[in-house]
Amino acid sequence: MTLLITHRLDARGLACPMPIVKSAQAIAGLVSGELLEVLATDPGSTKDFAAWARATGHELVEQSTPDDGVYRFVLRRK
Amino acid sequence: MTVESAPAAIATPERETSPELREQRPNRTNELLIILESGDLERMWGTLILATSAAAAGMKVSVFLTFWGFYPLVRPGVRITGQNWMQRMLSFLNRPGIDHLRMSRLNFAGMGPWMAKRLARSQGVALPGELLEIAGSLGVRLIPCQMTMDLFGLRREDLVDGLEEPAGATTVLEMIANGATPLFI
């Protein structure tokens with residue numbers, strides 16, 4: 001399935017809590033159902049994005065490691 | 001390169017997602033209250049990281065700043081304050097502002113914080129001053145302790161902008177009684 005990603009956020013090089021904080025700010029500008037792609041290099045973000053999705057209700061649609069040390073998250077705004 | 005779908009990639013125990021158990025969690029108000037008593041750089045840093053993370057996750061967050069945690073709320077330019085020599089000495093010995101915090105260990109007359117901030121910069125860690133600004137934009141409420149303000153001889157106009165009305169212990173206890181998760185730092 002191909003996901004239609006309309007919004008992207010580059011959080012590479014940022015440490016906790018900035019990837020989550022910037023994602024929260026970015027996803028607030030989306031309408032329900034839209035997708036946000038986030039790139040991060042913080043290894044802790046794999047756990048944090050899952051917890052953040054559970055807390056907020058946004059859906060973590062996809063999680064991958066496109067490059068060594070880069071984490072990619074696709075989130076759907078609730 | 002590995003591509004995984006989210007449910008498989010995250011080892012999440014079933015209980016974390018179970019709505020029944022989520023309902024049973026004691027904190028149903030989704031509210032966090034941090035009581036910051038310390039003026040140490042590392043504790044302020046931790047406070048702001050928790051506060052911004054919680055606000056980003058949709059929690060209502062309040063930080064009550066008391067005693068040594070109070071000076072970061074004083075305008076950086078405000079130096080000798082107070083009505084008597086003890087208050088004046090206190091203000092002289094405690095340089096105010098979020099950018100002038102000392103570390104509880106390895107302070108070395110400011111070398112420690114300087115190095116910690118340089119390291120933070122190189123590691124992509126946001127500095128306390130930046131986090132404080134973000135906290136404000138995320139709606140984190142900063143509540144100054146009225147008693148500390150009086151004790152230190154500070155006035156409302158000595159404090160930075162964007163603060164809530166000063167309050168006391170009863171206000172804080174009421175928030176806890178109403179279900180806010182309290183942290184004392």
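Modeller: Start with Arg75(B), which counts as partly exposed because it has 14 C-beta neighbours inside 10 Å. Keep in mind that this is a predicted model.

Colleague: Why partly exposed and not buried, for Arg75(B)?

Modeller: Buried takes 20 or more other C-beta atoms within 10 Å and exposed takes 12 or fewer, so Arg75(B), with 14, falls in between.

Colleague: Where is Arg75(B) found in chain B?

Modeller: Arg75(B) is in the loop between β3 (60-65) and α5 (85-93) of chain B.

Colleague: And what is Arg75(B) in contact with, leaving aside neighbours within four places in sequence?

Modeller: Arg75(B) contacts Pro96(B), Asp158(B), Leu159(B) and Val160(B). As for Gly110(B), 35 residues apart from Arg75(B) along the chain, the two C-alpha atoms are separated by 19 Å.

Colleague: Now the overall layout. How many helices and strands are there in chain B?

Modeller: Chain B has nine helices and five strands. From the N terminus on, the order is β-α-α-α-β-α-β-α-α-α-β-α-α-β.

Colleague: What share of the residues in chain B is buried?

Modeller: Of the 185 residues in chain B, 32% are buried. Of the contacts in chain B with a separation of 6 or more, 73% are between residues 24 or more positions apart.

Colleague: Which residues have the most contacts inside the largest nonpolar core?

Modeller: Those are Ala51(B), Ala55(B), Val63(B), Leu65(B) and Ala135(B), in a core of 61 residues. Helix α4(B) gives the most to this core, with nine residues.

Colleague: Take Leu65(B). What does Leu65(B) touch, not counting residues up to four places away in sequence?

Modeller: Leu65(B) touches Leu36(B), Phe70(B), Leu73(B), Leu142(B), Ile143(B), Pro144(B) and Cys145(B).

Colleague: Back to α4(B). At what angle does α4(B) pack with α7(B)?

Modeller: Helix α4 (residues 41-56) and helix α7 (residues 128-137), both of chain B, pack at about 30°, and their axes are 9 Å apart. The two helices are therefore roughly parallel to each other, and their crossing is left-handed.

Colleague: Which residues make the contact?

Modeller: On the α4(B) side, Leu41(B), Met44(B), Trp45(B), Leu48(B), Ile49(B), Ala51(B), Thr52(B) and Ala55(B). On the α7(B) side, Pro128(B), Leu131(B), Leu132(B), Ile134(B) and Ala135(B).

Colleague: How do the residues of that contact divide into nonpolar, polar and charged?

Modeller: Twelve are nonpolar, one is polar and none is charged.

How values were computed
Residues are numbered from 1 along each chain as its sequence is written. Chains are lettered from A and ligands numbered from 1 in the order in which they are written. This is a predicted model: local features need pLDDT of at least 70, side-chain atom pairs count only at pLDDT 80 or more; totals for chains, interfaces and linings use all residues. Axes are lines fitted to C-alpha atoms, for helices over the stretch in contact, and angles run from 0 to 180 degrees between N-to-C directions. Helices (H or I, at least four residues) and strands (E, at least two) are DSSP runs, numbered from the N terminus. Angles under 35 degrees count as roughly parallel, over 145 as roughly antiparallel, 65 to 115 as roughly perpendicular and the rest as oblique. A crossing is left-handed if the near helix is turned anticlockwise from the far one by less than a right angle, and right-handed if clockwise. Two residues are in contact if their C-beta atoms, placed from the backbone, lie within 7 Å. Ala, Val, Leu, Ile, Met, Phe, Trp, Tyr, Cys and Pro count as nonpolar, Asp, Glu, Lys and Arg as charged, and the others, Gly among them, as polar. A nonpolar core is a set of buried Ala, Val, Leu, Ile, Met, Phe, Trp, Tyr and Cys residues joined through C-beta atoms within 7 Å.
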